[in-house]
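Please read it with the structure open.

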Amino acid sequence: MTSVTTPPRRTSTGALSGVLYVLFFVASLVMGGVTAPSGPIATPYSSDQVARTFLSADPSALHRSLQLTGLLQMLSALALLAFVPVLADFVSRHGSSARAGLVRTAGVASGVLLVVSSAGGWILSMVNSLGDLAVSRTLMDLTFITGAAPAIGTLGLVLWQVSRTALAARALPAWIGWAGSVLAVASVLSLLSLVAEPATLLIPVGRYLGFVWFLAVSLLLWRRGGTDGTVSR
């Protein structure tokens with residue numbers, strides 16, 4: 001029996017950044033919801049009256065909620081940016097450098113959009129919500145538009161490339177490849193929400209079901225990265 005030593009994998013500890021991406025974002029939703037003032041939540045599709053009620057109901061509670069949410073989502077975005085090279089390395093090893101480049105570009109774009117979104121939420125927390133409704137609504141729209149469909153849509157390109165590579169190379173369980181492909185399509189189609197409100201339903205599909213996919217891929221790559229790279233024949 002002989003053994004062939006392959007180059008050691010570089011996805012041991014770094015692969016866990018995918019788990020952190022999910023955990024920080026979920027924490028932002030939980031903590032933001034707990035600290036947010038009661039009442040209706042304003043969206044870009046809400047009327048000025050609903051937005052004014054949301055902003056003025058409890059300014060101090062809203063301030064705390066927006067700051068905490070902004071911090072946790074910023075950490076989530078940074079974790080995603082740390083996970084992107086791990087996914088690009090996976091695609092490069094099992095697919096092609098061109099696909100890996102697309103994963104890297106789209107993943108970084110999604111992470112940067114989340115950074116902008118979380119920063120916009122933090123800035124909104126510092127604005128006097130009762131002073132200028134137009135300014136507050138602009139910041140709310142900026143936070144929503146960068147953190148929702150564009151971030152999910154670009155991340156959908158990452159899911160597609162990783163999933164198709166995994167299926168072609170049989171490098172990950174088949175269900176991850178097929179689930180990722182479906183979620184990738186839903187994520188990219190969520191961009192239609194920029195012109196059609198009903199398409200916003202695709203945003204939570206791509207985001208929250210995508211969290212399950214990211215957790216599974218992150219843990220699998222972390223576990224496999226712990227091997228010694230030796231294959232017996």
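Predicted model: local features only at pLDDT ≥ 70, side-chain atom pairs only at ≥ 80, totals over all residues.

1. For the protein as a whole, the mean pLDDT is 87, and 90% of the residues reach 70 or more. Among the elements, strand E2 (residues 230–232) has the lowest mean pLDDT, 33. Helix H7 (residues 174–189) has the highest, 97.

2. What is the protein built from? There are eight helices and two strands. Read from the N terminus, their order is β-α-α-α-α-α-α-α-α-β, so a strand comes at each end of the list and the helices lie between.

3. The protein has 233 residues, and 43% of them count as buried. Take the contacts between residues at least 6 apart in sequence: 80% of these join residues at least 24 apart.

4. Two packed helices are described by the angle between their axes and the distance between the axes. For helix H1 (residues 17–35) and helix H3 (residues 59–94), the angle is about 170 degrees and the axes are 7 Å apart. The two helices are therefore roughly antiparallel, since angles over 145 degrees count as such. By class, the contact of H1 with H3 has 15 nonpolar, nine polar and one charged residues.

5. Ser17 lies in helix H1 and counts as buried because its relative accessibility is 9%, where the cut-off is under 20%. Leaving out residues up to four places away in sequence, Ser17 touches Ala79, Ala82 and Phe83. The C-alpha atoms of Ser17 and Val84 are separated by 9.1 Å, although the two residues are 67 apart along the chain.

6. The second residue, Thr69, is found in helix H3. Is Thr69 buried or exposed? With a relative accessible area of 18%, Thr69 is buried. Thr69 touches Ser28 and Gly32, again not counting residues up to four places away in sequence. Thr69 and Val30 are 39 residues apart along the chain, and their C-alpha atoms are separated by 8.9 Å.

7. Next, check the length of helix H5 (residues 133–147). At 1.5 Å a residue, its 15 residues should span 21 Å, because the expected span uses one less than the number of residues. The end C-alpha atoms of H5 are 21 Å apart, which agrees.

8. Which residues of H5 are buried? They are Leu133, Ser136, Arg137, Leu139, Met140, Thr143, Thr146 and Gly147. The buried residues of H5 pack against helix H2 (48–56), helix H4 (97–126), helix H6 (149–169) and helix H8 (202–225).

9. One of these partners, H6, packs with H5 at an angle of about 10 degrees, with their axes 3 Å apart. That makes H5 roughly parallel to H6. Ile145, Thr146 and Gly147 of H5 make the contact with Ala149, Pro150 and Ala151 of H6. By class, the contact has four nonpolar, two polar and no charged residues.

Technical notes: Residues numbered from 1 in each chain as written. Heavy atoms only, no water. Axes fitted to C-alpha atoms, helices over the stretch in contact; angles between N-to-C directions. Helix = DSSP H or I, 4+ residues; strand = E, 2+ residues; numbered from the N terminus. Parallel < 35°, antiparallel > 145°, perpendicular 65-115°, else oblique. Nonpolar A, V, L, I, M, F, W, Y, C, P; charged D, E, K, R; others polar. pLDDT = per-residue confidence, 0-100. Buried < 20%, exposed > 50% of the residue type's maximum accessible area, 1.4 Å probe, protein only. Contact = heavy atoms within 4.5 Å.
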